[in-house]
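Hi there,

Here is the structure I promised to pass on. Have a look at it first, and my notes follow below.

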Amino acid sequence: MLISNASQVITMSGHSDKPAKKGAMSEINIIENGSIWIEDDKIVEVGTDKEIREKYKAQIDSATQIDASGKTVTPGLVDPHTHLVHVGTRENEYAMRLKGKTYMEIMEAGGGIHATTRATQEATHEQLYEESIKRLDKFLLHGVTTVEAKSGYGLTLEHELKQLEVAEQLQKEHPIDLVSTFMGAHAVPMDEKDNPEKFVDRVIEEMIPEVAKRKLAKFNDVFCERGVFTPEQSKRILEAGKEYGLIPKIHADEIEPYGGAELAAEVGAISADHLLKASDEGIKAMAEKGVVGVLLPGTAFFLMAEFAQARKMIDAGVAVALSTDQNPGSSPTISLPFIMNLGCLKMGMTPEEVLTAATINAAHAIGVADEVGSLEAGKKADITIFDVPNYLTLSYQYGMNHVDTVIKAGKQLVVGGTLQ
Ligand code: NIG
Ligand code: FE
């Protein structure tokens, strides 16, 4: 397959070994009038149209050709933090929040995560699959080709396994690559509120061993937040996961400063996510230990909260990634491009940095940077073509879907903005 003559190919090359930090987050490596030669599911070569046409001239006539003239080509976007597998919506809570109720007040009264947990527990495997696969199609339409997905709306062994099994089936049956995270410690179930330690014990003794045994997850995540799990409880859960080969991730410092960023550095988490209220010490510790900061500005936007200090984090040497946090309570969107717009408009990031954050750094945040996140020889042919003449226009014409074509593992799945 030949993708030819794009006005810009944004390769993001040179950052596959380690996440891009500081000035390197601006090195997006653009080829003007660029072309890409693909064989089967892999990228073989990226270069100028002239170079590629010359080198592959014997094969071009029999290849599938995609004319990208006037368009911008990027790596398929990577979303490193979603709560994809759930049923139901919570627009009633949105209306309550618009009248002044807070996210935590709603959760403490049995709504919030608990509301989606009830719905998800009641749902069959098939219902969960049907709702979630529709969301994956929408991700694809917005240029996303790899998605992390967390459990955490089951909160019992049976229902956590159900969510993870749905994710496993989606990974097999939907073209988007899905990376699974166990998040049994997403909330203390309502009927165990008075004895959270007992629930923590169950996560550690019942759930983690079974999830690991069935190889249903790569990561282990905890909602470390006042009123949910303390840093001590979070640490126990994350250390226990490590013993079973589950790599730690943390929902850190989302609502209050609570030592989540510091804990991420201490336990050697691959990423700390949210970080709206991360302390200066926490940011420094993350930079020193190489913890990726996954920022979710859609959540700050939707909860009408202060945004994470992306500028400060990047300047301090934290590798920053961006994600939708797709979930029915704090961020009911699938538009990673809109999240990139928010990165620029609300967190002081540059258009180059948001591209890095939604591609190669996002891939690092979920341990898949050796396969995806950049357009380089040998990587999977996961490619998004936007109908804009340059990457700057992507962050300038905000809140609209510019995706024209999506290629996943060498197959055209979106053409002219339509699912094939
Ligand atoms: O990342 N903060 C905790 N978990 C999700 C929200 C889940 C929900 O409200 O259903 C988040 O914001
Ligand atoms: Fe989340």
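How many Å separate an oxygen atom of ligand 1 from an N or O atom in the side chain of Tyr153? The distance is 2.6 Å, which falls under polar contacts (pairs of N or O atoms within 3.5 Å).

A word on the basis: this is a predicted model, where local features need pLDDT of at least 70, side-chain atom pairs count only at pLDDT 80 or more, and totals for chains, interfaces and linings use all residues. Residues are numbered from 1 along each chain as written, chains are lettered from A and ligands numbered from 1 in written order, and side-chain values use heavy atoms, without hydrogens and water.

Back to the ligand. Arg90 also has a side-chain N or O atom 2.7 Å from an oxygen atom of ligand 1, while a nitrogen atom of ligand 1 lies 2.8 Å from an N or O atom in the His186 side chain. The protein buries 100% of the 330 Å² that ligand 1 exposes when taken alone (Shrake-Rupley areas, 1.4 Å probe).

There are 15 residues around ligand 1 (a heavy atom within 4 Å), and Arg90, Tyr103, Tyr153, Glu254 and Ser330 come nearest. That shell divides into 4 nonpolar, 8 polar and 3 charged residues, with Tyr counted as nonpolar and Gly as polar.

As for the whole chain, its C-alpha trace spans about 70 × 45 × 45 Å along the principal axes.

Best wishes

Methods. Polar contact = N/O pair within 3.5 Å; in protein donor to acceptor, adjacent residues only side chain to side chain.
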